[in-house]
Amino acid sequence: MSPLPDAVVSADSVLVSGPPMSGKYDLFNRLLAAWSDAPVVVSTGRTAEKVRADHDRIVGDGGDDLVVIDCVTHQQGGSPVDTPTTKYVSGPGDLTEIGIKFTDVVESSIGRERAVGVYSLSELLMYWDPDRVYQFTRVMASQCSGQGWPFVSAVGSTTHDEQVIHTLYEPFDLVVETRVEGDERQFRVRDRMGDPSGWESF
């Protein structure tokens with residue numbers, strides 16, 4: 001795999017945007033691993049067990065220090081209780097509870113160098129209007145910045161109209177766009193004001 005560009009790794013906040021099967025999830029995990037060996041993932045579509053297995057598969061790290069806020073297991077009928085590394089939320093539509101569990105993680109992580117990811121905003125947009133998801137994202141980005149923790153999220157670029165996507169760009173320093181060209185997955189980088197970079201395969 002090609003290394004992530006320095007501009008992406010050095011950014012404080014990144015949104016990965018692209019169509020299905022274009023590598024958003026791989027880049028999301030790789031960026032978290034580049035930032036921290038103790039990341040926090042807010043998972044709106046995968047169980048904590050699946051998140052850890054995926055992280056291990058993608059970046060080759062067992063993720064022992066990976067903290068997951070799991071928005072799926074309770075919704076599927078499971079009823080596990082919180083542990084230091086796994087926090088459970090009733091479902092991806094409960095932004096208030098996600099915020100409370102994230103605050104718990106922040107308070108228990110004093111002195112830890114973490115990075116935070118939300119995968120993905122598209123699931124949240126199934127429950128909330130774009131303005132509410134934008135506000136949630138902005139608050140999360142601000143909380144992470146206050147801790148000195150970089151922040152990454154992802155959104156499906158073909159699932160929502162262009163105005164929604166561009167609204168969600170605003171809280172982020174950089175946007176990494178992905179696509180599939182032939183049988184290659186490619187990405188390019190753009191900041192909010194500048195022209196995008198050229199497409200690179202990964």
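**Figure 1. Salt bridges across the chain.** There are 10 salt bridges in this structure, each one a side-chain nitrogen of Lys or Arg within 4 Å of a carboxyl oxygen of Asp or Glu. The model is predicted, so local features need pLDDT of at least 70 and side-chain atom pairs count only at pLDDT 80 or more, while totals for chains, interfaces and linings use all residues. Residues are numbered from 1 along each chain as its sequence is written, and side-chain values use heavy atoms, with hydrogens and water left out.

**Figure 2. Arg185 and Asp26, a bridge between a strand and a helix.** Let's look at one pair in close-up. The closest N and O atoms of the salt bridge between Arg185 and Asp26 are 3.0 Å apart. Arg185 belongs to strand S8 (residues 184–191) and Asp26 to helix H2, so this pair ties together parts that are 159 residues apart in sequence. Helices (H or I, at least four residues) and strands (E, at least two) are DSSP runs, numbered from the N terminus. Is Asp26 buried or exposed? With a relative accessibility of 13%, Asp26 counts as buried, whereas Arg185 is partly exposed at 25%. Here buried means under 20% relative accessible area, exposed means over 50%, and partly exposed is in between (1.4 Å probe, protein chains only).

Figure 3. Zoom in on Asp54 and Arg57, whose side chains meet in a salt bridge with an N to O distance of 3.6 Å. Both sit in helix H3 (residues 48–59), and because they are three residues apart there, about one helical turn separates them. Asp54 is buried, with 3% relative accessibility, but Arg57 is exposed, with 57%.

**Figure 4. Glu181 and Arg179, a partly exposed pair.** The side chains of these two residues also form a salt bridge, with 3.9 Å from N to O. Glu181 has a relative accessible area of 43% and is partly exposed. Arg179 is partly exposed too, with a relative accessible area of 27%.

**Figure 5. The largest pocket.** Rolling a probe the size of a water molecule over the atoms shows where empty space is left. A pocket is an open set of points on a 1 Å grid over the protein atoms alone, where a 1.4 Å probe fits and protein lies on both sides within 12 Å along at least five of seven lines; lining residues have an atom within 4 Å of a point. The largest pocket has a volume of about 200 Å³. Its lining has 14 residues, and the closest to the centre are Tyr119, Ser120, Ser122, Glu123 and Gly156. Helix H5 (121–124) and strand S6 (151–156) each contribute at least two residues to this lining. Val152 is in strand S6, and this residue is buried, with a relative accessible area of 0%.

**Figure 6. The cis peptide bond at Ser120.** Ser120 is found in the loop between strand S5 (116–119) and H5. The peptide bond from Tyr119 to Ser120 is cis, with omega near 0°. For comparison, most peptide bonds are trans, and most residues other than glycine have a negative phi.

**Figure 7. The second largest pocket.** This pocket has a volume of about 150 Å³. Among the residues that line it are Pro19, Pro20, Met21, Arg46, Tyr119 and Arg185. Which helix gives the largest share of this lining? Helix H2 (residues 24–35) does, with three residues.

**Figure 8. Met21, a residue with positive phi.** Although Met21 is not a glycine, its phi is positive, at about 65°. Met21 lies in the loop between strand S1 (13–18) and H2. With a relative accessible area of 75%, Met21 is exposed.

Figure 9. Met126, Tyr127 and Trp128 make a nonpolar surface patch of about 350 Å². Patch members have over 30% relative accessible area and no salt bridge; like charges are joined within 9 Å, and nonpolar side chains (Val, Leu, Ile, Met, Phe, Trp, Tyr) within 5 Å. Met126 sits in the loop between H5 and helix H6 (130–147). Met126 is exposed, with a relative accessible area of 66%.

Technical notes: Grid points are joined across faces, edges and corners, and a volume is the space filled by probe spheres set on the points. Accessible areas come from the Shrake-Rupley method with a 1.4 Å probe; for residues, only the protein chains shown count as cover.
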